[in-house]
Amino acid sequence: MADRGPSIRVLLVDDQELFRRGVTMVLSADAALEIVEADDGDKALAAVEENPPDVVLLDIKMPGRSGVDVCAAIKEISPTTGIIMLTASDEETDLYASIKSGASGYLLKDGSTYDQVAEAVRLVAGGQSLISPSMATKLLDEFVSMTKSPGPAASLTARELQVLRQVAHGQSNREIAEELFISENTVKNHIRNMLEKLQMKSRMEAAMYAVRSNLLDEPR
């Protein structure tokens with residue numbers, strides 16, 4: 001397989017051994033992906049503390065700590081780690097809780113191929129967010145109906161607002177950096193500051209906030 005550049009460290013967390021083996025086998029075919037496995041939340045957190053991964057593939061329904069709790073804990077340990085919920089649950093409450101806990105993606109096991117999972121890992125590692133199409137409408141409806149504003153956009157600087165709009169348009173960190181003529185590290189800093197001011201944990205949540213607040217109508 002052609003060289004894709006720097007390797008991407010992936011932590012796969014699922015209590016079903018056969019499922020883990022299948023995902024690991026497919027992802028390992030890409031030389032750019034390094035896979036580590038964990039079969040429960042506590043082992044996952046220990047792995048993150050030892051060596052933070054770039055992306056975590058995380059199930060929701062596991063014995064012991066739920067995937068949502070583990071997601072929030074991972075973001076506390078390693079805020080820059082991207083988290084994709086890879087689950088059989090199509091329940092709206094799990095979707096909302098995952099995004100609010102810091103997940104950057106939500107994929108349904110039944111609706112995603114292994115190749116789609118691999119592509120999702122690369123997208124999230126590059127700073128993008130994604131969600132299974134069947135769940136996207138549910139997420140949009142939830143954020144549109146919210147009455148509590150998580151944080152005033154007025155608290156953001158002009159540059160942070162610009163980055164927020166580009167995040168909401170689905171641009172990766174690299175694409176934002178190229179358009180604004182700044183480094184990717186600077187983009188990451190702007191996103192971190194933006195999320196802190198908005199009291200949010202993920203760029204996906206921030207993107208939905210931008211849509212709900214009509215911020216995309218402003219010039220980028």
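# A quick tour: pocket, sheet and salt bridges

Helix α9 gives the lining of the largest pocket its largest share, eight residues. Keep in mind that this is a predicted model, where local features need pLDDT of at least 70, side-chain atom pairs count only at pLDDT 80 or more, and totals for chains, interfaces and linings use all residues. Residues are numbered from 1 along each chain as its sequence is written, and side-chain values use heavy atoms, with hydrogens and water left out. Helices (H or I, at least four residues) and strands (E, at least two) are DSSP runs, numbered from the N terminus.

**The largest pocket**

- The largest pocket has a volume of about 1,300 Å³; a volume here is the space filled by probe spheres set on grid points, which are joined across faces, edges and corners.
- A pocket is an open set of points on a 1 Å grid over the protein atoms alone, where a 1.4 Å probe fits, with protein on both sides within 12 Å along at least five of seven lines; lining residues have an atom within 4 Å of a point.
- Two or more lining residues come from each of α3, α5, α8 (173-180) and α9 (184-198).
- Sorted by class, the lining has 11 nonpolar, 14 polar and 13 charged residues. Ala, Val, Leu, Ile, Met, Phe, Trp, Tyr, Cys and Pro count as nonpolar, Asp, Glu, Lys and Arg as charged, and the others, Gly among them, as polar.

**The sheet**

- Six strands make an open sheet with parallel pairing, in the order β2-β1-β3-β4-β5-β6. Two strands pair if DSSP finds at least two bridges between them.
- The edges belong to β2 and β6 (130-131), each with a single partner strand, so one side of each has no neighbour in the sheet.
- Strand β1 (residues 8-13) has five of its six residues buried, so the rest of the structure largely encloses it. Buried means under 20% relative accessible area, exposed means over 50%, and partly exposed is in between (1.4 Å probe, protein chains only).
- β1 pairs with β2 (residues 33-38) in the parallel sense over six bridges, and leucine 11 has valine 36 in β2 as its bridge partner.
- Getting from β1 to β2, the chain passes through helix α1 (residues 17-28), and this β-α-β crossover is right-handed. That is, with the strands pointing away from the viewer, the path from the first strand over the helix to the second runs clockwise.
- β1 also pairs with β3 (residues 55-58), again parallel, over four bridges; valine 10 stands opposite valine 55 in β3.
- β5 and β6 pair in the parallel sense over two bridges, with glycine 105 opposite leucine 130 in β6.

**Salt bridges**

- There are 10 salt bridges in the structure, each a side-chain nitrogen of Lys or Arg within 4 Å of a carboxyl oxygen of Asp or Glu.
- One of them joins aspartate 30 and arginine 122 (2.6 Å, N to O). Aspartate 30 sits in the loop between α1 and β2 and arginine 122 in helix α5 (residues 114-125), 92 residues apart.
- Aspartate 30 is buried, at 5% relative accessible area, while arginine 122 is partly exposed at 23%.
- Arginine 122 also meets glutamate 119 in a salt bridge (3.2 Å, N to O). Both lie in α5, three residues apart, about one turn of the helix, and glutamate 119 is partly exposed at 37%.
- Aspartate 59 and lysine 109 form another salt bridge (3.5 Å, N to O). Aspartate 59 lies in the loop between β3 and α3 (67-77) and lysine 109 in the loop between β5 (105-108) and α5, so the pair ties together parts 50 residues apart in sequence.
- Both aspartate 59 and lysine 109 are buried.

**Around helix α10**

- Helix α10 (residues 203-212) is mostly covered, with eight of its 10 residues buried; among them are Arg203, Met204 and Tyr209.
- Asparagine 214, which follows α10, has a positive phi near 60°.
- Lysine 201, in the loop between α9 and α10, is partly exposed at 35% relative accessibility.
- Lysine 201 and alanine 103 are 98 residues apart in sequence but 7.9 Å apart in space, C-alpha to C-alpha.
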